[in-house]
Amino acid sequence: MRALLADASARLPGEEARAEAERLLAHVLARPRAWLYAWPEHLPTPEQCAAFERAISERQRGVPVAYLLGHRAFWTFDLAVTPAVLIPRPETERLVELALARLPREQALAVADLGTGSGAVALAIASERQHARVLATDISPDALAVARSNAARLGIANIAFAEGDWCAALGDAHFDLIASNPPYIEGRDPHLGEGDLRHEPAHALSSGADGLDAIRTIIDAAPRHLLPGGSLLLEHGRDQAERVRDLLAARGFVDVESARDLAGHERVSQGRLPPAR
Ligand SMILES: C[S@@+](CC[C@H](N)C(=O)[O-])C[C@H]1O[C@@H](n2cnc3c(N)ncnc32)[C@H](O)[C@@H]1O
């Protein structure tokens, strides 16, 4: 194992090379990573060596580690991920925190997560608010299959799933809160051709020339699916907050504000419909 890890770390780029090689070897051996340190002389079988070699070659091609491992930590879970879904990002936990702050614990509120991908946001909210009913939607049936299997594996039952285009998937239902981490990268952003992004679904990443097509569509339609006083929360790019706030205010949302992530960037904007008169 010591020789395998030294060779693989030398072939992978970046500061994380050694850590990635260790995670991939631990995965192939179905052991915790700490086990590699306890048994550095262990001799993997030829099949395990071949599987590790395949994983390292894929990683050299840029396939994200999360896809190779088949899972990624988010909130309090380890979520299954496949190339059909965006790999959940730590920044998106801010969207969950802000949604939870608007959802009193004991009330049976209705919540929708638009573009659920692996189910990350919907599952985190459903697990923290057990009286809430959460509807998770996506346009991709393959993504919904991943989200459904995550819900089943985690034993989270207060969640339902619907396939469809943004708010069209909501039918005629009304919600206390709608949250979404939609695609928001500008269509011609050069980052789309770099690193892990090359391997994630394009429709999960970018949305029109200025990146705001999906956000515009959601903001336009959401009031028809929110109860009076209901909230809309949207994750967006770090330089999009002002434009998203303007779109929310122009559509009649009140108490419009943006929240910063740990790095100090405004990454989630939110507003409420006025309460019923
Ligand atoms: C940025 S990913 C977010 C995934 C997940 N919510 C997360 O935070 O990890 C955007 C998601 O929106 C979905 N999506 C893209 N276009 C859509 C549309 N027109 N209607 C509904 N969902 C869509 C994609 O399939 C993808 O799962």
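Visitor: Which residues is His-42 in contact with, leaving aside its neighbours within four places in sequence?

Guide: Met-1 and Trp-35. Contact here means heavy atoms within 4.5 Å. This is a predicted model, where local features need pLDDT of at least 70, side-chain atom pairs count only at pLDDT 80 or more, and totals for chains, interfaces and linings use all residues. Residues are numbered from 1 along each chain as its sequence is written, and side-chain values use heavy atoms, with hydrogens and water left out.

Visitor: How many residues apart in sequence are His-42 and Met-1?

Guide: They are 41 residues apart in sequence and 5.9 Å apart in space, C-alpha to C-alpha. His-42 sits in the loop between helix 3 and helix 4 (46–60). Helices (H or I, at least four residues) and strands (E, at least two) are DSSP runs, numbered from the N terminus.

Visitor: Is His-42 buried, exposed or partly exposed, and why?

Guide: His-42 counts as partly exposed because its relative accessibility is 30%. Buried is under 20% relative accessible area, exposed is over 50%, and partly exposed is in between (1.4 Å probe, protein chains only).

Visitor: Zooming out, how many helices and strands are in the chain?

Guide: Ten helices and nine strands. The C-alpha atoms fill a box of roughly 75 × 40 × 30 Å, taken along the principal axes. Of the 277 residues, 49% count as buried.

Visitor: OK, the core. Which residues have the most contacts inside the largest nonpolar core?

Guide: Ile-125 and Ile-159, in a core of 32 residues. Strand 2, helix 6 (92–101), helix 7, strand 4, helix 8 (141–154), strand 5 (159–163) and strand 6 (175–180) each supply at least two residues of this core. Helix 7 gives the largest share, seven residues. A nonpolar core is a set of buried Ala, Val, Leu, Ile, Met, Phe, Trp, Tyr and Cys residues joined through side-chain atoms within 4.5 Å.

Visitor: What is Ile-159 in contact with, leaving aside neighbours within four places in sequence?

Guide: Ala-122, Leu-123, Val-134, Ala-136 and Ala-151.

Visitor: And helix 9, which residues are buried there?

Guide: In helix 9 (residues 213–221), Ala-214, Ile-215, Ile-218, Ile-219 and Ala-221 are buried. The buried residues of helix 9 pack against strand 3 (110–114), strand 6, strand 7 (226–235) and helix 10 (241–250).

Visitor: Pockets next. What volume does the largest pocket have?

Guide: About 540 Å³. The largest pocket is lined by 20 residues, with Tyr-184, Ile-185, Leu-197, Gly-237 and Arg-267 nearest its centre. On a 1 Å grid over the protein atoms alone, a pocket is an open set of points where a 1.4 Å probe fits, with protein on both sides within 12 Å along at least five of seven lines; lining residues have an atom within 4 Å of a point. Grid points are joined across faces, edges and corners, and a volume is the space filled by probe spheres set on the points.

Visitor: How many charged residues are in the lining of the largest pocket?

Guide: Eight, alongside eight nonpolar and four polar. Ala, Val, Leu, Ile, Met, Phe, Trp, Tyr, Cys and Pro count as nonpolar, Asp, Glu, Lys and Arg as charged, and the others, Gly among them, as polar.

Visitor: How many residues line the second largest pocket?

Guide: It has 30 lining residues, of which Gly-115, Gly-117, Asp-138, Asn-181 and Ala-204 lie nearest its centre. About 430 Å³ of space lies in the second largest pocket. The lining of the second largest pocket divides into 15 nonpolar, eleven polar and four charged residues. Helix 7 (120–128) and strand 4 (133–138) each supply at least two of its lining residues.

Visitor: Where is Thr-92, and what does Thr-92 touch, not counting residues up to four places away in sequence?

Guide: Thr-92 is in helix 6 and touches Phe-74, Val-121, Asn-181 and Glu-235. Thr-92 counts as buried because its relative accessibility is 4%.

Visitor: Last one: what is the phi of Ala-30?

Guide: Positive, about 55°, although Ala-30 is not a glycine. Ala-30 lies in the loop between helix 2 (17–29) and helix 3 (33–38).
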